[in-house]
Protein chains: 4
Amino acid sequence: MVDVAVNGYGTIGKRVADAVALQDGMDLVGVAKTKPNFEARNAVERGYPLYAAVKERADEFADAGIDTAGTVGEMLERAEVVIDACPSGVGAQNASMYDDHDVKAVFQGGEDDAVAERSFNASANYGDCVGADSVRVVSCNTTGLLRVLHPLERDHGIGKVRATLVRRGGDPSQHGRGPINDILPNPITIPSHHGPDVRTVMDVDITTTGFKVPATLMHVHSLNVETEASRAEVIETLEDESRVRFVEPDDRVSSTAEIKEMMLDEGRPRGDAWENMVWRDSVSVEDGELYLFQAIHQESDVVPENVDAVRAIAGTADRDESVRATNETLGI
Amino acid sequence: MVDVAVNGYGTIGKRVADAVALQDGMDLVGVAKTKPNFEARNAVERGYPLYAAVKERADEFADAGIDTAGTVGEMLERAEVVIDACPSGVGAQNASMYDDHDVKAVFQGGEDDAVAERSFNASANYGDCVGADSVRVVSCNTTGLLRVLHPLERDHGIGKVRATLVRRGGDPSQHGRGPINDILPNPITIPSHHGPDVRTVMDVDITTTGFKVPATLMHVHSLNVETEASRAEVIETLEDESRVRFVEPDDRVSSTAEIKEMMLDEGRPRGDAWENMVWRDSVSVEDGELYLFQAIHQESDVVPENVDAVRAIAGTADRDESVRATNETLGI
Amino acid sequence: MVDVAVNGYGTIGKRVADAVALQDGMDLVGVAKTKPNFEARNAVERGYPLYAAVKERADEFADAGIDTAGTVGEMLERAEVVIDACPSGVGAQNASMYDDHDVKAVFQGGEDDAVAERSFNASANYGDCVGADSVRVVSCNTTGLLRVLHPLERDHGIGKVRATLVRRGGDPSQHGRGPINDILPNPITIPSHHGPDVRTVMDVDITTTGFKVPATLMHVHSLNVETEASRAEVIETLEDESRVRFVEPDDRVSSTAEIKEMMLDEGRPRGDAWENMVWRDSVSVEDGELYLFQAIHQESDVVPENVDAVRAIAGTADRDESVRATNETLGI
Amino acid sequence: MVDVAVNGYGTIGKRVADAVALQDGMDLVGVAKTKPNFEARNAVERGYPLYAAVKERADEFADAGIDTAGTVGEMLERAEVVIDACPSGVGAQNASMYDDHDVKAVFQGGEDDAVAERSFNASANYGDCVGADSVRVVSCNTTGLLRVLHPLERDHGIGKVRATLVRRGGDPSQHGRGPINDILPNPITIPSHHGPDVRTVMDVDITTTGFKVPATLMHVHSLNVETEASRAEVIETLEDESRVRFVEPDDRVSSTAEIKEMMLDEGRPRGDAWENMVWRDSVSVEDGELYLFQAIHQESDVVPENVDAVRAIAGTADRDESVRATNETLGI
């Protein structure tokens with residue numbers, strides 16, 4: 001039984017906590033949050049021990065009628081592994097605290113690669129991370145790229161990769177974020193950071209460009225990969241990947257909103273799409289180049305990766321065992 | 001046991017079907033849909049007998065590998081009550097078919113008032129609809145207005161009502177609908193139809209104005225009501241209404257997207273908000289005028305009303321029994 | 001000849017500078033800006049002496065190849081009146097600097113009422129501001145309300161006013177601002193500050209509620225006014241107001257974007273709509289209550305007011321002379 | 001003097017009419033429109049003879065108080081060249097009418113390639129179109145691609161081209177069009193039609209993928225071109241192209257909305273950006289592959305091309321003369 005704490009209980013943290021709570025070999029010893037709100041109340045309703053992430057603001061929870069179990073330091077005392085799901089950059093500030101409490105740590109992709117011993121992706125380098133003191137689960141977009149590129153490289157070999165990422169401006173409830181009615185090349189200098197981020201985990205020649213647009217539901221990638229594989233071979237490889245799912249012609253789904261609607265209809269918690277959603281009709285290969293479109297749910301695609309990362313650094317399962325267990329509990 | 005069919009399995013129909021399937025005294029004999037897509041597939045996965053709404057298109061289901069149980073006519077043969085959840089205006093075209101099959105019918109608010117014997121709202125006029133051959137559940141916005149106005153009138157009496165409705169442009173997956181980056185007074189002539197629609201159910205002096213904006217999640221109302229009640233009395237009345245829910249200051253929820261996030265966190269199916277969501281902090285009374293803001297989930301607030309409407313016309317329960325049963329099964 | 005400086009050369013400042021430059025009795029002695037960008041370059045191309053608003057950042061202009069004429073202090077030495085068009089709250093910080101340089105000042109509505117001797121609106125209280133050391137031009141929305149309410153009160157008398165303001169989330173190029181796909185009652189507590197802001201200039205019983213939506217072009221008001229005037233009388237009064245313009249049925253214009261399109265087609269600089277745009281078809285009077293919709297261009301409706309404010313505090317013209325001169329030069 | 005008529009006076013037609021009216025060697029004999037609205041009124045105010053595009057609706061203009069000069073047939077009697085700026089597909093229906101009146105015709109890119117003798121782009125194949133009976137100005141996106149690809153091919157030779165087009169959902173005032181809060185791979189099958197459309201004018205190996213997003217201002221391209229040219233050579237080539245403009249680092253412009261703001265500040269009519277707007281900072285060349293971002297103003301980039309197309313088919317100027325004259329009159 002691995003005692004797991006989740007520091008940061010927002011978009012990612014709450015989903016990861018739910019996933020951890022479902023695992024046989026893990027005990028969710030607590031979640032920490034900076035401020036009381038509906039999410040904090042919901043954590044308590046779900047029976048998660050709730051800790052105040054910032055000592056000085058602990059009183060705010062009491063004022064809001066929400067019981068806390070202590071401070072983040074006390075939570076760490078009870079944990080063997082902490083999953084840091086704080087906003088980008090805060091994880092790096094927390095790293096020494098985790099060291100001080102002698103807990104292994106899983107960081108998120110908003111942190112710099114240097115925050116942890118290794119960057120992590122369950123498809124690509126689970127084995128390299130077994131027993132590490134800390135890992136960093138690469139970002140949602142990087143995870144999405146790796147889930148396709150790693151198996152293609154493994155089965156067929158790939159050459160240059162060129163990807164354009166059309167990214168959402170913010171998550172659904174981040175109403176302070178824009179843009180409204182605008183398209184931003186982002187960053188303007190090419191390439192974007194996603195290519196180098198892929199290379200923290202996998203050796204591949206990749207260039208990425210990115211856009212930011214007024215949408216909140218999912219990112220979408222236009223992916224171009226030099227490969228000798230045929231369309232049928234590409235599809236066969238991807239069909240074998242449990243975290244790649246095809247959007248089928250008969251689904252009659254042509255947008256990110258329709259994917260989310262389909263997930264909600266299927267009864268997925270919060271309508272989450274943990275897998276890469278690849279439009280089958282978009283997969284095309286011509287003159288040694290593969291093209292495809294995939295949608296990536298920024299709020300949830302790293303959730304199963306975080307669970308696997310815990311097993312990897314705790315050393316409690318090998319890759320296949322972990323992925324199978326995670327998938328089964330989530331219903332992937 | 002009332003045999004209920006749902007004709008039209010889109011945004012409203014699929015939700016109503018799920019709700020009907022939860023009721024002790026109802027049997028969902030089938031749902032009918034015009035075209036095969038992920039929703040049709042999901043209906044089958046949920047175990048609902050699926051019928052082709054348009055005979056000529058039945059083959060499309062077979063082509064998509066989706067089994068159908070027959071045509072809409074055959075579905076109606078098995079039903080005592082049909083809930084028509086077809087697009088606006090189609091219900092009126094279906095009315096004679098329902099007559100021909102001698103099934104009682106529940107229509108939606110997109111139809112004209114004349115489509116049915118009476119317009120219906122569980123708060124306001126359940127009793128008047130008992131035993132009717134057909135009723136029309138008033139639209140999402142009208143339902144939202146009635147749930148507040150009827151209890152206030154009943155408990156305290158009200159004078160003039162003035163409401164401004166800020167309406168979403170389309171539902172989340174209706175990507176063909178706008179506007180993008182625009183605000184439309186809609187309609188430009190004042191008043192909008194919502195006031196008259198309220199009066200199909202309740203006698204009140206009400207004027208409404210409406211806007212259409214680039215959002216998909218919920219409508220929001222700014223409501224002004226002349227009343228002698230105090231703020232405390234208004235709140236007490238509304239707290240007694242099971243289908244009015246207060247957004248609390250400690251929720252720290254300031255927008256429609258945050259309400260939806262809260263519903264998803266609570267595990268509501270599809271993140272549905274069946275109740276009027278009234279911001280407690282917005283409730284103010286001065287000089288005999290009440291003001292408040294409420295958010296209305298256009299996809300789901302009429303779902304419990306449809307269930308109650310079935311019981312009303314089937315004559316199987318009185319108002320309090322029906323509302324209690326519907327609420328309990330849904331988890332309101 | 002009044003020597004006028006404009007401190008802050010963004011959305012409002014650049015428009016006000018252009019308007020000042022058109023006036024016979026005014027000399028635009030300079031504009032000040034914090035950072036070099038396309039707007040700074042354009043100021044130079046228009047022949048406006050450009051000053052560095054922040055001394056420490058003056059080098060950035062040189063680095064960008066943009067000549068500056070000095071610092072803001074030097075600009076103020078040359079001015080009799082400064083128009084402060086800095087971001088909200090910065091004006092208050094600048095006030096003592098203006099005092100030190102003994103220049104009269106015109107502030108914007110983002111500042112608190114206390115920043116200046118009086119709040120100002122050309123329709124409502126020009127006369128009260130003649131000769132003042134400083135005035136504050138009330139905000140775009142407040143200006144829009146006053147242009148309708150003041151003449152109605154003057155000609156017919158009005159009772160209670162209730163207004164709902166559907167506000168844009170940011171200006172077109174403010175891509176950092178949201179919301180995306182959300183509706184916010186804003187503020188959640190009722191009333192919004194707009195009613196009290198109207199009362200800094202005019203004595204009227206007014207309550208306002210506000211929303212923020214994902215749009216950038218204009219605000220739109222749903223206005224309700226108790227009055228004994230008939231529809232014809234209301235229209236006659238508003239037709240006499242030079243800064244109220246009717247959107248005519250034959251324009252076939254039903255949204256803010258179409259209004260902007262119409263302004264661009266008419267050749268207005270930057271597509272500006274300096275006047276309140278009132279949909280004629282929306283004007284209705286029943287039972288002693290007037291309703292109407294008006295769109296307010298947040299980027300430009302205060303531009304003519306700023307020009308008039310300069311004449312008022314400089315004491316160079318009475319109200320009618322000033323409004324006539326301003327309108328003529330702009331082409332209103 | 002070439003007598004030019006413009007059939008269709010909407011987004012493209014009104015801009016093209018203005019541009020034609022500015023040309024020394026052209027006489028704008030009339031514009032035709034289907035319905036009276038603010039644009040029709042504005043055409044009359046600009047002194048353009050206005051014709052009713054649909055005979056049966058001519059009375060509507062009279063009812064709206066707008067004088068018309070006759071029907072579209074009468075307009076064609078007066079013209080040597082007609083520019084068809086009707087909605088996509090209507091041009092093809094009009095083709096035989098133009099033949100019947102023996103007028104040469106310029107069609108837009110919404111029509112199929114077969115509508116005209118040749119597809120046209122001033123950079124790429126002006127000479128091939130001289131004296132043709134009809135040409136089709138390729139669409140805004142295709143025009144934008146050709147303006148970069150043709151000179152690069154001419155000066156340096158290029159290999160494969162891969163482009164991802166992030167497209168606006170509708171034009172600013174098309175409030176009936178979506179999406180709201182969604183991203184659509186569009187079309188889902190790869191490639192999109194833009195690559196083949198480029199090849200109607202220029203022989204190049206190009207694959208394009210497209211997205212539709214909730215924005216109205218401009219399209220943006222992420223362009224990848226195999227070439228042996230260095231970054232400096234690419235920039236030199238593009239700097240020589242009059243209809244390619246660099247967005248400079250010192251402009252501090254990072255989005256389509258900021259480009260439009262810059263155009264409005266520069267006093268461009270309607271804020272039009274007739275040129276491709278290429279971010280200089282985005283231009284990068286590595287391993288024989290060029291990357292760049294460019295924004296394309298869908299409402300106006302084909303305007304100069306239409307003017308040139310008239311000269312080409314009328315045979316009144318060669319390419320360089322025409323481009324120079326068009327650019328000078330517009331102020332490019």
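1. The structure is a predicted model. Every value below should be read with that in mind.

2. **The contact of chain D with chain A.** Chain D gives 42 residues to this contact, and chain A gives 42 residues. About 3500 Å² is buried between chain D and chain A. Carbon and sulfur atoms account for 64% of that area. On the chain D side, the residues that lose the most area to chain A are D:Ile183, D:Ile188 and D:Phe293. Together they make up 19% of what that side buries.

3. How many salt bridges cross the interface of chain D and chain A? The rule finds four. One salt bridge pairs A:Glu289 with D:Arg162. Their closest N and O atoms are 2.6 Å apart.

4. **Which parts of chain D face chain A.** Several elements of chain D each supply at least two residues to the side that touches chain A. Among them are strand E9 (158-168), strand E11 (206-213) and strand E12 (219-227). Helix H10 (256-265) and strand E16 (289-296) also belong to this set. So does strand E10 (184-185). By type, the residues on this side of chain D divide into 20 nonpolar, 15 polar and seven charged.

5. **How chain D relates to chain B.** A rotation of 180° superposes chain D on chain B, with 0.0 Å of shift along its axis. The RMSD is 0.0 Å. That is the relation of a two-fold axis. Which residue of chain D comes closest to the rotation axis? D:Gly178 does, with its C-alpha at 2.1 Å.

6. **The contact of chain D with chain B.** Here chain D contributes 15 residues and chain B contributes 15 residues. The area buried between chain D and chain B is about 1000 Å², and carbon and sulfur atoms give 60% of it. In chain D, the residues that lose the most area to chain B are D:His175, D:Ile180 and D:Thr216. Together these three account for 53% of what that side buries. The side of chain D that touches chain B divides into seven nonpolar, six polar and two charged residues.

7. Salt bridges do not feature: the count between chain D and chain B is zero.

8. **Salt bridges over the whole structure.** Side chains of opposite charge can pair when their charged atoms come close. A search over all chains finds 124 salt bridges. One of them joins A:Glu60 to A:Arg57, with the closest N and O atoms 3.0 Å apart. A:Glu60 counts as partly exposed, at 26% relative accessibility. A:Arg57 counts as partly exposed too, at 29%.

9. **Buried pairs.** A:Arg268 forms a salt bridge with A:Glu275, the closest N and O atoms being 2.8 Å apart. Are A:Arg268 and A:Glu275 buried or exposed? Both are buried. In chain D, D:Arg15 pairs with D:Asp272, and the closest N and O atoms are 2.9 Å apart. D:Arg15 lies in helix H1 (residues 11-21), while D:Asp272 lies in the loop between H10 and strand E14 (276-279), so the pair ties together parts that are 257 residues apart in sequence. D:Arg15 is buried, with a relative accessible area of 5%. D:Asp272 is buried as well, at 3%.

10. Salt bridges that share partners join residues of chain A and chain B into one network. Its members in chain A are A:Lys14, A:Asp18, A:Lys33, A:Glu39, A:Arg46 and A:Arg270. From chain B come B:Glu261 and B:Asp265.

11. **One histidine to look at.** D:His150 lies in helix H7 (residues 140-156) of chain D. D:His150 has a relative accessible area of 18%. That makes D:His150 buried, because the cut-off is under 20%. Leaving aside its neighbours within four places in sequence, D:His150 is in contact with D:Ser123, D:Ala124 and D:Met202.

Conventions
Residues numbered from 1 in each chain as written. Chains lettered and ligands numbered in written order. Predicted model: local features only at pLDDT ≥ 70, side-chain atom pairs only at ≥ 80, totals over all residues. Heavy atoms only, no water. Contact = heavy atoms within 4.5 Å. Buried area = accessible area lost by both parts, 1.4 Å probe. Salt bridge = Lys/Arg side-chain N within 4 Å of Asp/Glu carboxyl O. Helix = DSSP H or I, 4+ residues; strand = E, 2+ residues; numbered from the N terminus. Nonpolar A, V, L, I, M, F, W, Y, C, P; charged D, E, K, R; others polar. Buried < 20%, exposed > 50% of the residue type's maximum accessible area, 1.4 Å probe, protein only. Least-squares fit on C-alpha atoms with pLDDT ≥ 70 in both.
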